[in-house]
Amino acid sequence: AWYRGYAAHARAAKLAEWYETDQALLMLGEARLAAATVNGLLARTYFRDPGDAVRRTGLAGADMTEVGAVLTRQAEELAARGRPVDGTVDELLTP
């Protein structure tokens, strides 16, 4: 879920550079949803639907910078829990 958000955020930034604002907004929405999903997984919080997840995590109005900061904090949290986002597959699967 984290990587999906990271990839969508990176794609949104690239699309914004190319003045593809409609597509960039769609990618930003995907990044918000993925970041909200990760927040829910880390906090063991259940959401009714994607809109509820984004609203309850405070990411509904988050801009590119805020979403990027959330994703960075999540990467640090995952690394602290022993699941680094830049780890190898073997590192992720070993307990």
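The largest share of the lining of the second largest pocket comes from α2, which supplies 4 residues; a pocket here is an open set of points on a 1 Å grid, where a 1.4 Å probe fits, with protein on both sides within 12 Å along at least five of seven lines, and lining residues have an atom within 4 Å of a point. This is a predicted model, in which local features need pLDDT of at least 70 and side-chain atom pairs count only at pLDDT 80 or more, while totals for chains, interfaces and linings use all residues. Residues are numbered from 1 along each chain as its sequence is written, and side-chain values use heavy atoms, with hydrogens and water left out.

About 150 Å³ of space lies in this second largest pocket, a volume being the space filled by probe spheres set on the grid points, which are joined across faces, edges and corners. Both α2 and α3 (50-56) supply at least two residues each of its lining, where helices are DSSP runs (H or I, at least four residues) numbered from the N terminus. Among the lining residues are Leu-33, Thr-37, Arg-44, Phe-47, Asp-49 and Pro-50.

The largest pocket has a volume of about 200 Å³, and α2 again gives the most to the lining, with 3 residues. Its lining includes Trp-2, Val-38, Leu-42, Leu-78 and Arg-81, and the residues divide into 8 nonpolar, no polar and 2 charged; Ala, Val, Leu, Ile, Met, Phe, Trp, Tyr, Cys and Pro count as nonpolar, Asp, Glu, Lys and Arg as charged, and the others, Gly among them, as polar.

Turning to the helix packing, the axes of α1 (residues 2-17) and α2 (residues 21-43) come within 8 Å and cross at roughly 160°, the axes being lines fitted to C-alpha atoms over the stretch in contact and the angles running from 0 to 180 degrees between N-to-C directions. The two helices are therefore roughly antiparallel to each other, a term for angles over 145 degrees. The contact (heavy atoms within 4.5 Å) involves residues including Trp-2, Ala-8 and Leu-15 of α1 and Met-27, Ala-31 and Val-38 of α2. By class, this contact of α1 with α2 has 11 nonpolar, 3 polar and 3 charged residues.

The axes of α2 and α4 (residues 64-80) come within 10 Å and cross at roughly 35°. Their contact includes Leu-28, Ala-31, Val-38 and Leu-42 of α2 and Val-67, Leu-71 and Leu-78 of α4, and the residues of this contact divide into 10 nonpolar, 2 polar and 2 charged.

Notes: Angles under 35 degrees count as roughly parallel, over 145 as roughly antiparallel, 65 to 115 as roughly perpendicular and the rest as oblique.
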